[in-house]
Amino acid sequence: MATQRDRRFLIAALLLSCFTVASPVIAQHISLRVQVGDRITSVNGFDRSGVAYVSVRDFAAALSYPWVNNAERRKIELRLPNHRVKATARNPFLVITDVATSTSSVVQLQESILFLDSLYYAPASEFIAVLERLAPSGVLLTAESRVIAREPAVTASRFDITGVGIETRSNGYLLTIKATRKLGYFDTILRNGWLYVTVDAAEADTVALSKFKTNDIIRKIVVFQYPASVQLTFQVSPDIAQADPVVDTQTDNLLLALHTKSSMDKAEAERRAREAKQDSLRDKLQVQRGRAKLDVIVIDAGHGGKDPGTIGVTGTREKDVALGVALKLGKLIEENLKDVKVVYTRSNDTFIELYQRGRIANDANGKLFISIHCNSTERKPSPANGFEIYLLRPGKTQNAIDIAAKENQAIEFEDNKDRYEELTEEFFILLTMRQSAYMKYSELFAEKASAIMADRLKIQNSGVKQAGFYVLVGASMPNVLVETGYLSNRKEEKVLHSIEGQKKIAEALFEGVRQYKVAYEERLQEGQVDESQKN
Ligand SMILES: [Zn+2]
C-alpha cells in the first residue's frame, strides 16, 4: 500500500476519439485513447446500439495491468495492484477479489461481457467505473472517461432506485435507499452480517450504486437486478443488530434504521419496529394477500429418457423410481389439497435438460420445488442406506460434494453444456445471495419432511444437508432435492422398486408438504417476512 504513490501512472486520462462511419451501422468501431503519464495508447472498441464497448485485454495493457486469459473457461482476469477482476464471456458479473483478504465480491454490469474473435469486450463506462474504484489512490482516471459512454444521458425516471446513503443517528445509523417513485412490495433480512433488501418490480441504477463509497458500516454493496425484482445486498458492520424498514411517504425513499448492538435499547427498538410495521403494513398486506398461499408446487422427477440416472444392484433405474414417487406425490397433493396446483417437470419417461426444469418451475410461478432422486455408492452392493434432503449451498462434506457431482452428470446428456456456470466458490457467492430469500423456507420444508420420513419409513435419517445441484440453481422459489434412498443397497433397492415402497415415500413427502403449507401460510399471513424484526 505504501508504494502506491510512487507508481508511475500518476494520471491516466481517457479520451474518446471516434472514427465515425457515415452510414448508421449496428457496430461502429471506436478507438479510445488512454493516457498514462505522458504515454498515450490506443484501445480498440466499438459501439453497439449506443453502448460503447472496450477490449478488456487492450484496456488492461494500456494501464500496464497484467492479465490472464483462460480460453477454455472463457474467463479473463486482470491483475490490479490490490485486486483481481475476473470477467466471463456472455456474463454480466465481474468477480472482484481483494488480494490481501482473499474475499470476493460481485458487480453486475447492465450489459454482459461480449466475446468476439476470442476477445472480451466490456461495456466501457461501467467497466471503467469499476476500475476507477479499485485503482490505487495514485491512479486517476479523469472525469473525461465518462464521455466514452455515448449512451443517451440517463434520466432520473428510468430507474426506480437511484442511490444509497448512510447517516449517523443517536442510536445507530440510517440507511437511505433513494427511490424515484413509490416502491411496491419489499422484504428485508439481516443475517450473518449481510442485509438483503429485495424490492419487487423495481429497477436499480447499478452504475450509480457501484459508486457508493463503502465505509465501516456499509462494507460492500452487491446489486442483483432480475426481470421482476431487484436485490440490494449490503455487507454491514457486525455491530449492526437490527434493521427496521420504514417508507418515507414524503420522498418515497426506503429508510432502514440500523441499530447497533452497543446502542440498542430494547424497548425503544421494539417501539420502532412496531411503528415501522404499521407504516408499511397496509401496503404489505395488500401484496401478501396474493402471495400468502402455497398454491403451486413443482415436482421434479430426476433424470428421464436417455438419462437413466443411477442403476441399482438388480438393474432398477433411478429415473423410474423418481417418476413413480413424483406421480404418487402429485396425486396425493391433488386429492388432498384442493387449492394447490401440481406442476411436473416431466410426467413420463422423457429427457428434460436441467436448466429447463428450473424454467418450467419459474414459468408456473411455483411456490415450492421438490426434486426427487435416488442415491448410490461407487461400489455395489454396499450397506450405505437412508434418505437425505439437500439444500442448494456449497457442499460442506466430501460426501455431499460427490453426490452433487453425480447428479450434475445429467448435463453430459445435454447438447449445450456451456449454459451451466461452473459451480465454483465464487459462483456460489452469487447463488446463495440469489437463494437467500427462499432459504429459510427451503430449510423449513426440509426439516419437516426429513422428520416425517425418518418417523414413517423407519429408515436412517441422514438429516438436512447442503450441496451444489444444478437443478436447484434455476428455481426461484424454496427448493430441495430429495435422495429417497440407495439403489446400491439390496434391501433399499427392493423398497424403492416396489409400488408399495414408492407409495410410502410419497405419503411421507406429502405429509411434509401438508405441514409445510400450514406453517408457510401462517408465517406469511403474520407478516413475518420481515425477519430483521425478530433479531
Ligand atoms: Zn439423480
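Trainee: In which sense do strand β14 (residues 186–191) and β15 pair, parallel or antiparallel?

Mentor: This is a predicted model in which local features need pLDDT of at least 70, side-chain atom pairs count only at pLDDT 80 or more, and totals for chains, interfaces and linings use all residues. Residues are numbered from 1 along each chain as its sequence is written. Strands are DSSP runs of E with at least two residues, and helices are runs of H or I with at least four, numbered from the N terminus; two strands pair if DSSP finds at least two bridges between them. Strands β14 and β15 have six bridges, and their sense is antiparallel.

Trainee: Which residue in the turn between β14 and β15 has a positive phi?

Mentor: The two strands form a hairpin with two residues between them. Within the paired segments, Asp187 has as its bridge partner in β15 Thr198. In the turn, the residue with a positive phi, of about 50 degrees, is Asn192.

Trainee: Which residue of β17 is the bridge partner of Trp194?

Mentor: Strand β15 also pairs with strand β17 (residues 229–236), in the antiparallel sense and over seven bridges. The bridge partner of Trp194 in β17 is Gln235.

Trainee: Why is strand β15 (residues 194–200) largely enclosed by the rest of the structure?

Mentor: A residue is buried if 20 or more other C-beta atoms lie within 10 Å of its own, exposed if 12 or fewer, and partly exposed in between, with C-beta atoms placed from the backbone. Strand β15 is largely enclosed because, of its seven residues, the number buried is five.

Trainee: Is Leu327 buried or partly exposed?

Mentor: Leu327 is found in helix α5 (residues 318–336). Its C-alpha atom is separated by 9.9 Å from that of Val342, 15 residues apart along the chain. Because Leu327 has 19 C-beta neighbours inside 10 Å, its class is partly exposed.
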